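Subject: Structure handover

Hi there,

Please have it open while you read.

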Amino acid sequence: MGIGGCIGLIAVGAILTFATDWHMAGVNVDLAGLIMMAVGFIGLAAYVSILKRRRVQPPAPGAPVVEVEDEHRYYR
């Protein structure tokens with residue numbers, strides 16, 4: 001689920017919780033909205049934390065290049 005899906009869940013949950021006065025037998029619409037908002041916030045936090053780890057900083061201009069040998073070539 002991407003950022004758009006998470007924000008969509010938060011928006012739909014907020015609409016269900018705060019902007020409607022529906023009453024359905026056996027379903028608490030306010031609680032369903034709160035659950036949707038919680039899932040949206042958790043998904044958004046997870047997505048942002050994963051995206052933050054994937055982001056790799058490029059080396060600074062003029063930085064020395066370090067060559068790394070393949071460790072596994074000796075064990076094959």
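The protein exposes about 6,500 Å², and carbon and sulfur atoms supply 66% of that area. Accessible areas here come from the Shrake-Rupley method with a 1.4 Å probe, and for residues only the protein chains shown count as cover.

A word on the source before the details. This is a predicted model, in which local features need pLDDT of at least 70 and side-chain atom pairs count only at pLDDT 80 or more, while totals for chains, interfaces and linings use all residues. Residues are numbered from 1 along each chain as its sequence is written, and side-chain values use heavy atoms, with hydrogens and water left out.

Now the overall picture. The protein has 2 helices and 0 strands; helices (H or I, at least four residues) and strands (E, at least two) are DSSP runs, numbered from the N terminus. Of its 76 residues, 13% count as buried. Buried means under 20% relative accessible area, exposed means over 50%, and partly exposed is in between (1.4 Å probe, protein chains only). Among contacts in the protein with a separation of 6 or more, 51% are between residues 24 or more positions apart, where contact means heavy atoms within 4.5 Å.

Next, the surface. Ile3, Ile7, Tyr47, Val48 and Leu51 form a nonpolar patch with about 380 Å² of accessible area together. Patches are made of residues with over 30% relative accessible area and no salt bridge; like charges are joined within 9 Å, and nonpolar side chains (Val, Leu, Ile, Met, Phe, Trp, Tyr) within 5 Å. A salt bridge is a side-chain nitrogen of Lys or Arg within 4 Å of a carboxyl oxygen of Asp or Glu. Helix 1 (3-18) and helix 2 (29-54) each supply at least two residues of the patch, and helix 2 gives the most, with 3 residues.

Met37 is found in helix 2 and is buried, with a relative accessible area of 11%. Its C-alpha atom is separated by 8.8 Å from that of Ile7, 30 residues apart along the chain.

Thr17, in helix 1, is also worth a look. At a relative accessible area of 12%, Thr17 is buried. Leaving out residues up to four places away in sequence, Thr17 touches Asp30, Gly33, Leu34 and Met37. A polar atom of the Thr17 side chain lies 3.4 Å from the backbone oxygen of Asp30.

Leu9 is in helix 1 and counts as partly exposed, at 22% relative accessibility. Gly5 and Leu44 are 39 residues apart in sequence and 8.8 Å apart in space, C-alpha to C-alpha.

Best wishes

Definitions and conventions: Polar contact = N/O pair within 3.5 Å; in protein donor to acceptor, adjacent residues only side chain to side chain.
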